[in-house]
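Subject: Structure for your files

Hello,

Here is the structure I said I would pass on. Please look it over first; my notes on what was found follow below.

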Amino acid sequence: MEKAKILLVDDEDVFANNMVKLIARRGHEIETVQNGEKAIKALKRTEFDVIVLDTNIAGMKGPALLKEIKELNPKVEVIILTGHGFFERSAGDIELGAYEVMMKPVRFEDLFEKIKQAHQKKRLL
């Protein structure tokens with residue numbers, strides 16, 4: 001797999017730190033931010049292949065943040081992580097352009113597989 005540039009938007013430090021270690025070990029670049037505003041700033045300065053977005057973060061949340069991300073970079077693939085309202089959110093997030101919606105807690109192997117698939121889709125487009 002070609003090296004992917006990944007942005008993780010999550011305010012859970014332990015989860016974010018573990019993801020950085022695991023993804024970097026697999027040869028990919030990963031940056032983390034804790035809130036929506038920082039995500040938008042990062043997206044304005046760097047072109048990411050995949051964004052992993054926790055919808056329950058400080059600042060801009062959920063659909064508004066996803067919409068802003070897709071307006072800034074329509075080609076980026078976004079994987080939504082949610083811990084509540086999963087079924088209610090899924091359809092709406094997919095309509096707004098999310099690649100996948102996954103329920104937290106999520107196994108790393110499952111999430112990494114979705115990241116690989118999203119990166120492959122972006123490369124094909």
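In this predicted model, five strands make up an open sheet, with the order β2-β1-β3-β4-β5 and parallel pairing. The edges are β2 and β5, each of which pairs on one side only. From one strand to the next, the twist averages 20°.

Val-9 has Leu-53 of β3 as its bridge partner.

Two helices that pack on these strands are worth a look. Helix α1 packs on the sheet, where it touches β1, β2 and β4. The direction of α1 makes about 170° with that of β2. Helix α5, in turn, lies across β1, β3, β4 and β5 and runs at about 155° to β4.

More on α1: this helix covers residues 13-25, 13 residues in total. From first C-alpha to last it reaches 18 Å, close to the 18 Å expected at 1.5 Å a residue. Its buried residues are Phe-15, Ala-16, Met-19 and Ile-23. Seen down the axis of α1, the buried residues fall within an arc of 95°, so they line one face of the helix. The general rule behind such a pattern is that an α-helix has 3.6 residues a turn, so residues three or four places apart point the same way.

What do the buried residues of α1 pack against? Their partners are β1 (5-9), β2 (29-33), β4 (77-82) and α5 (108-124). On the face of α1 turned away from the buried side sit the exposed residues Val-14 and Arg-25. After α1 comes Gly-27, with a positive phi near 90°.

Two places in the loops also came up.

- Asn-73 is found in the loop between α3 (62-72) and β4. Is Asn-73 buried or exposed? Asn-73 has a relative accessible area of 11%, and therefore counts as buried, the cut-off being under 20%. Leaving aside residues up to four places away in sequence, Asn-73 touches Leu-43, Glu-47 and Phe-48.
- Lys-104 and Pro-105 are joined by a cis peptide bond, with omega about 0°. Pro-105 belongs to the loop between β5 (100-103) and α5.

Regards

Notes: Residues are numbered from 1 along each chain as its sequence is written. This is a predicted model: local features need pLDDT of at least 70, side-chain atom pairs count only at pLDDT 80 or more; totals for chains, interfaces and linings use all residues. Side-chain values use heavy atoms; hydrogens and water are left out. Helices (H or I, at least four residues) and strands (E, at least two) are DSSP runs, numbered from the N terminus. The expected span of a helix is 1.5 Å times one less than its number of residues. Buried means under 20% relative accessible area, exposed over 50%, partly exposed in between (1.4 Å probe, protein chains only). The arc is that of the directions from the helix axis to the C-beta atoms. Contact means heavy atoms within 4.5 Å. Two strands pair if DSSP finds at least two bridges between them. Axes are lines fitted to C-alpha atoms, for helices over the stretch in contact, and angles run from 0 to 180 degrees between N-to-C directions.
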